[in-house]
Amino acid sequence: MAEKEPSPMINTLQPNEFQMVKAEYDTLREEILKRIDIRHQIVSLHLIIAGTFLSFGLQKDASPYILLVYPILTMFIAAGWARNDIRIGHIGAYLRDHYEVMTDYVRWETHRQAKDVKRRWLWLSGLRIFSALGLFLITQLIAVGYAFSRVSFTLGENIFLVLDVIVVILTFIFLFMRRGV
């Protein structure tokens, strides 16, 4: 494989400019790691919330409202997860497209993308969405399904059922808008 030609920008960077570029690159890589950590914390929080709502909502004498409220809360949690995922992708693309062409300092984003394309590993990104769909969307559908079997179709319950259908669709949309590492 032929060596990649160095960017013309490499020769124009002065040592102090290189240090500034390096510092910002390092800061943005650190932000990616923090956002990945936040994404994992969101998943952990959601598992606790899902377990709590589903265990209380599935009890024999529980009100169906417990299960009907859960999908709404989950939509907001999934939106936060997707927001972090999208931002991680933006930062990674920025590093690859702007900083990694300026210098030979570190080329992780370029390397990672090239390896994924070359080895046809892009499907690995799909595992993240598969996991999120199971975590957020499937638990919403379980809650709505069980609640549906318990409702007496009062006005309040009907409003929540319609609202739940809307938020399940929105959750699906949020999860497919994502882009990240």
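Isoleucine 173 is partly exposed, at 39% relative accessible area; this class lies between buried, under 20%, and exposed, over 50% (1.4 Å probe, protein chains only). The model is predicted: local features need pLDDT of at least 70 and side-chain atom pairs pLDDT 80 or more, while totals for chains, interfaces and linings use all residues. Numbering runs from 1 along each chain as its sequence is written, and side-chain values use heavy atoms, without hydrogens and water.

| Residue | Relative accessible area |
|---|---|
| Isoleucine 173 | 39% |
| Phenylalanine 153 | 43% |

Helix H6, residues 155–176, contains isoleucine 173; helices are DSSP runs of H or I, at least four residues, numbered from the N terminus. Ile173 also belongs to a nonpolar surface patch of about 880 Å², whose members include Val162, Ile169 and Phe176. Patch residues have over 30% relative accessible area and no salt bridge, and nonpolar side chains are joined within 5 Å. A salt bridge puts a side-chain nitrogen of Lys or Arg within 4 Å of a carboxyl oxygen of Asp or Glu.

Phenylalanine 153 sits in the loop between helix H5 (123–150) and H6. Its phi is near 60°, a positive value in a residue other than glycine.

Methods. Patches are made of residues with over 30% relative accessible area and no salt bridge: like charges are joined within 9 Å, nonpolar side chains (Val, Leu, Ile, Met, Phe, Trp, Tyr) within 5 Å. Accessible areas come from the Shrake-Rupley method with a 1.4 Å probe; for residues, only the protein chains shown count as cover. Helices (H or I, at least four residues) and strands (E, at least two) are DSSP runs, numbered from the N terminus.
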